[in-house]
Amino acid sequence: MKFCSSCGAAVTLRIPEGDDRERYVCSACEFIHYINPRIIVGCLPVHEGRVLLCKRAIEPRHGLWTLPAGFMENGETTAQGAARETWEEARAKATNLHLYRIFDLPYISQVYMFYRCELENGAFGVGPESLESGLYAEDEIPWEELAFPVVRETLRDYFRERDSGVFPVKITGLEYQPRPPSSTQE
Ligand code: ZN
């Protein structure tokens, strides 16, 4: 951040009085611009034993597969955001949502929240942020072409727990992991 969004003057990075960490503070109007973690909400949509995946039409990870997910918007609940993203990316109506997986990613200041859900009438399509979408059984999933580690973990957990029919909510903190040298996806 370089300029104040309130008055347009330059901002400086300093510790405001009474605070304990650096913030961007406006040199003119003194406005403190707090930057906080972002929440990403998404769904694990299941229909007749298959999971709905989308192939990304946007960066990052263009051309790789993901669960429908995106940044939470103001004025919505996390479940509403997850359902909205499922509509935007896969033209599917998410029903019967249950919170399933939470990931803390402090190294990029993000929190992921995935809901298990069903698809209304099993219907889906392709939204503008996707190249294609489809329902995949466990052995059909393109495991080597998944866009994000959180997607892989969520899918792995789901298929492992599916037989028991019990899906406990789990929170995982992920540390930064460089991609292996064999990867050609970056
Ligand atoms: Zn200002």
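Trainee: Is Asp157 buried or exposed?

Mentor: Bearing in mind that this is a predicted model, Asp157 counts as buried, because its relative accessibility is 4% and the cut-off for buried is under 20%. Salt bridges that share partners join Asp157 with Arg101, Glu153, Arg160 and Lys170 into one network.

Trainee: Which side chain meets Asp157 in a salt bridge at 2.7 Å, N to O?

Mentor: That is Arg101, and the pair links distant parts of the chain, with Asp157 in helix α2 and Arg101 in strand β8, 56 residues apart. Arg101 is buried, as is Asp157.

Trainee: And how far apart are the closest N and O atoms of Arg160 and Asp157?

Mentor: They are 2.4 Å apart in that salt bridge, and the two residues are separated by about one helical turn because they lie three residues apart in helix α2. Arg160 itself is exposed, with a relative accessible area of 54%.

Trainee: How many salt bridges are there by this rule?

Mentor: The count comes to 12. One of them joins the side chains of Arg50 and Glu140 at 3.0 Å, N to O, and that pair also spans distant parts of the chain, since Arg50 sits in strand β5 (residues 50–56) and Glu140 in the loop between β10 (130–136) and α2 (149–162), 90 residues apart. Arg50 is partly exposed at 34% relative accessibility, and Glu140 is partly exposed at 34% as well.

Trainee: Switching to the metal, what are the protein donors of the zinc ion?

Mentor: The SG atoms of Cys4, Cys7, Cys26 and Cys29 are the donors, lying 2.2 to 2.4 Å from the zinc ion, and along the chain they follow the spacing C-x2-C-x18-C-x2-C.

Trainee: Why is the arrangement tetrahedral?

Mentor: The four donor atoms subtend angles of 99 to 119° around the zinc ion, which makes the arrangement tetrahedral. As for accessibility, Cys4 is buried at 5%, whereas Cys7 is partly exposed with a relative accessible area of 43%.

Trainee: What about the overall layout, and how is the protein divided into domains?

Mentor: Domain 1 covers 1–35 and domain 2 covers 38–173, with 36 Å between their centres, taken over C-alpha atoms. The secondary structure comes to two helices and 11 strands, and 41% of the 186 residues count as buried.

Trainee: Which residues form a nonpolar patch on the surface?

Mentor: Tyr107, Ile108 and Tyr176 do, with about 320 Å² of accessible area together. Tyr107 lies in the loop between β8 (94–105) and β9 (110–119) and is partly exposed at 37% relative accessibility.

Note on methods: Residues numbered from 1 in each chain as written. Predicted model: local features only at pLDDT ≥ 70, side-chain atom pairs only at ≥ 80, totals over all residues. Heavy atoms only, no water. Donors = N, O, S within 2.8 Å, 3.2 Å for Na, K, Ca; no water. Tetrahedral: all angles 85-135°; square planar, octahedral: opposite > 155°, others 65-115°. Buried < 20%, exposed > 50% of the residue type's maximum accessible area, 1.4 Å probe, protein only. Patch = residues over 30% accessible without salt bridge, like charges linked within 9 Å, V, L, I, M, F, W, Y side chains within 5 Å. Areas by Shrake-Rupley, 256 points an atom, 1.4 Å probe, with all protein chains shown as cover. Salt bridge = Lys/Arg side-chain N within 4 Å of Asp/Glu carboxyl O. Helix = DSSP H or I, 4+ residues; strand = E, 2+ residues; numbered from the N terminus. Domains from an automatic or database assignment.
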